[in-house]
Every structure is written in C-alpha cells, then in structure tokens.
Amino acid sequence: MPPAESGRLKSAANWGTPFYFDNMDGTSQTGNDSEYIPVGNVHDLEIDGDHMYLAVGDWDSGELVIMDISGPSPSTTRVYGEGNYTNVVVLNGSYIYLSHGAGENNFEIVQISSIDPLTLEQKGTCTLETDFGGLVYINDIAVSGTYAFAATSSGGLYIIDIDLTNPENPRIVGNFKDYNTDIVPGGVIRNIQSVAVKGTTAYLVSYLKGAVNDTWLKVIDINDVNNPFEEAAIPLETPTHKVLVKGNNLLVSEGNSVITLFNIDITDQKNLKKIGSCGTGGGARDIIIENNIVYAVFDDGSVRVIN
C-alpha cells in the first residue's frame, strides 16, 4: 500500500490493531485500502509525517511503539518505555503526552529530539490520585496552551500545568469532580470518559456505571484553571466513548450506535444546539473529522466513513 500524500487518519480501536486509510477523502469504505498492523493491544495513536506513535497496553505491560509509515509496509522503528502500560498518546509540537492508566507516574511528558525524531526523552511525570490517596485511571487527555486536561474514571477532570519552560515538574492546579448525589450521601464521582477543549471551555462526557439515565455531556468553565465549574449539562442516552471539537462543531459518540452533532455558538460556548445524529451500527470508540468527513473506529478494528 503506497503512503498517503494528503495526510493519514488518526484512529485506534480499543483493544484492537491499528490501521490507516490511504485516501482521506472517504472514497474507500470497504477497508480495501487499509492495512492492519499487528503490534499488540493498541488503545490510541497519533501520526506525524512519516511516523506513527502507538499507545500499547496489555494489563500490566505495554509501551509506546513508533512506526515508520513512509514506505509501502509500515515497520516498527523504536519502542519507548517498554513494559509500561500505555493507553493514551497525544502529540503536541515536539512533545508527547502519555497516560499509563492507573499507577505511579501515570501522566508523562516526553520530548521528541529535534535532531532525530526517533529519539525520545522523558521530561517529567506526575501521579494522579484521589483525595484519599487512591490511584485513578486516565481515560483521555486534551492539551490546550500550557495545560493538559486529563479525564479519569474516579477522580474527575484534572488540570495539569505543563509549562514547557519547566516540563520536568508538571503539577496539578485544578480538578473538576462530576458527582452523582442521588445514590449515596455526599455523592459518587462519575466516570469521565473523554474531554475536548476550546478556548476557555472544556467539554466532557461522563457517566456512572450501573446507574440508569445518568450519562451527560458537560460544559465546564476553565477560565480560572484553579476553580473549574459546570456551566451546562445535556443528558445523553447511553455511556459515551468520545467527544471531539472541530471548529464550531462538537461530535459525541454514544454507546448506542449513534454519533450526535452539536453546534457551538462561538459567542457563548456553553450554548450547545443539537444539529442531528446518525446511526453507526455500533458504538464508535474513536472519531475524527477530516474535510467534513467523520471517521469512526470500532472495537472490531473497522472504520466507517460518514459524510
């Protein structure tokens, strides 16, 4: 399969094998122009030029795998952090932000060498934990400016100062806890599955496992990163895998085989207006928008193209 000329698809199936489409215009929906690359249980990936960065994790092991995709057959060129479970990778400039699930130093900053893009150096780490000292599992990371926003299963939305003048010491500066207060006094923290950031607003999807009708799209004011607060909440039908902001559009992938599109009023970002939704035949684990086309990735490793 020849390399794509106009860019490649960033996607990953949960506990699946990665692949990318050679054509970004969505003309191939059969998978004939895609290639499966068996490297392990891939949770997330990023693509930059001729290199693909894969977050690989299998229970208590894993690594960040770097693959060369410049030629007809992708090949592994470097492994970083071998043996360290990795489930999220976010590429921003010359830095990579990694999640290692739940454990010590589960948030990591890695710098890509300006001389050799295959040379990675750890710059800093921090451990995300609950108020009671328990470790939390990081589901997703969004980076905006000098802050990273980590969506977690049991600790809320963490805001981490990643000032690159001092990348060796990332520190937690804020935390939004999304409570359900209907089940027990004091509340139970919902699982935040995904987060997207636009300007001074964070959009997150959260749910409480086992609860009925308790899945939400939340709009969080992050103008003061030390004191984030909820501005609006929209109920969703089922636990949701992914939220994505592209321009003035926000997409939500719900677990009931639906992708819902909202419009964001740029003069009032908390004002979300539902534009429409479409069935996908399965709950999409990851979604992206490229040239007004939505690419949705599923547990079985398939991708579906929605115009």
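Reply: What follows sets computed values against their definitions.

Reply: This is a predicted model: local features need pLDDT of at least 70, side-chain atom pairs need 80 or more, and totals for chains, interfaces and linings use all residues. Residues are numbered from 1 along each chain as its sequence is written, and side-chain values use heavy atoms, without hydrogens and water.

Me: Why is Lys123 with Glu168 called a salt bridge?

Reply: A salt bridge needs a side-chain nitrogen of Lys or Arg within 4 Å of a carboxyl oxygen of Asp or Glu. Here N to O is 3.7 Å, so the pair qualifies.

Me: What makes Lys123 buried?

Reply: Its relative accessible area is 16%. Buried means under 20%, exposed over 50%, partly exposed in between (1.4 Å probe, protein chains only). Glu168, at 40%, therefore counts as partly exposed.

Me: Which parts does the Lys123 and Glu168 pair tie together?

Reply: Lys123 lies in strand S10 and Glu168 in the loop between S13 and S14, so parts 45 residues apart in sequence are joined. Strands are DSSP runs of E, at least two residues, numbered from the N terminus.

Me: How do you know that Asp178 and Lys218 form a salt bridge?

Reply: Their N to O distance is 2.5 Å. Both residues are buried. Shared partners join Asp178, Arg190, Asp214, Lys218 and Glu230 into one network.

Me: Why are S17 and S20 at the edges of their sheet?

Reply: The open antiparallel sheet runs S17-S18-S19-S20. Two strands pair if DSSP finds at least two bridges between them. S17 and S20 each have a single partner strand, so one side of each lacks a neighbour in the sheet. S18 and S19 pair over 7 bridges.

Key
Helices (H or I, at least four residues) and strands (E, at least two) are DSSP runs, numbered from the N terminus.
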